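I opened the model today to look up a few local features. My notes follow in the order I took them.

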Amino acid sequence: MADSVLYDVSDGLATITINRPEAMNAMNTEAKVALRDSVQAAAADPAVRAVLLTAAGRAFCVGQDLKEHIGSLAADREAGTGSTMSTVREHYNPIVRALTEMPKPVVAGVNGVAAGAGLGFALAADYRVVADTAKFTTSFAGVALTADSGVSWTLPRLIGASRAADLLLFPRSFSAQEAYELGIANKLVPADDLAAEAVAVARALAEGPTVAYAGLKESLAYGAGHTLSEALDKEDELQTRAGASEDHTIAVQAFIAKEKPKYLGR
């Protein structure tokens, strides 16, 4: 993987670090390709049981690198093409699909500003640990763009359609505390504790019942767009799968023995 994104796997936990601190982790082409490849690698690796997405420096990710972007737009005008915006299809969509669809939990450790696509990456995680100094920005309309990186899907599901429309139509920054009150931040921690707390949450998930977590992710996504009857059928399917896992047997045996279960992730 490129230096703009760091990738490490240890004891079932894949840590993906956006690493352009000098640019507030803005996404140039190299970073977008590296992040896409890293997230897809974590999703496909059976040794990975949870993912921690975080960033170096004082920002989480401020979205598209506008310095690179303006040059690409100029090249498009000169060539009479519109290839610049293919980045949504080629980079941002695959990143968000991999984060949301991988059968393992994803934790976002939000250390600083999360804007535009950076907001989308954070919202695509299953759990967000947020520094109390972090800020979130719905910046798309502020640069005459519509939402991407899944924000049109994730944001209204977290905070409701009316509040999402307000934040997107009238883009602004909001604090970590407001994010917590809106339901975007799952856990709010002092900035100095962010790294350790995010790792602790992700590590706990990496040691948990992976098949059950995968079922929970799938059932939550499915239930958001289906009827109760359909959701009940999906729960039946997923519970049958979880019940056949080795971890379920381990959990029941540990419960009877009054011991803490040691899950295998299968």
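Which hand does the crossing of α1 and α3 have, left or right? I find that this crossing is left-handed. I am working from a predicted model.

I then looked up the geometry of the pair. Helix α1 covers residues 29-44 and helix α3 covers residues 87-101. Their axes come within 9 Å and cross at roughly 30°. Angles under 35 degrees count as roughly parallel, so I noted α1 and α3 as roughly parallel to each other.

Next I checked the surface for nonpolar side chains. I noted a nonpolar patch formed by Leu66, Met85, Val143 and Leu145. Together these residues have about 320 Å² of accessible area. I located one of them, Val143, in the loop between β8 (135-137) and α5 (151-159).

Phi of Ser149 is near 55°, a positive value, and the residue is not a glycine. Most residues other than glycine have a negative phi, so I wrote this one down. Is Ser149 buried or exposed? Ser149 is buried, because its relative accessible area is 1%.

My last entry is Lys258, in the segment after α11 (246-257). Lys258 has a positive phi of about 55° and is not a glycine. I recorded Lys258 as exposed because its relative accessibility is 78%.

Terms used:
Residues numbered from 1 in each chain as written. Predicted model: local features only at pLDDT ≥ 70, side-chain atom pairs only at ≥ 80, totals over all residues. Heavy atoms only, no water. Patch = residues over 30% accessible without salt bridge, like charges linked within 9 Å, V, L, I, M, F, W, Y side chains within 5 Å. Areas by Shrake-Rupley, 256 points an atom, 1.4 Å probe, with all protein chains shown as cover. Salt bridge = Lys/Arg side-chain N within 4 Å of Asp/Glu carboxyl O. Helix = DSSP H or I, 4+ residues; strand = E, 2+ residues; numbered from the N terminus. Axes fitted to C-alpha atoms, helices over the stretch in contact; angles between N-to-C directions. Parallel < 35°, antiparallel > 145°, perpendicular 65-115°, else oblique. Left-handed = near helix turned anticlockwise from the far one by under 90°. Buried < 20%, exposed > 50% of the residue type's maximum accessible area, 1.4 Å probe, protein only.
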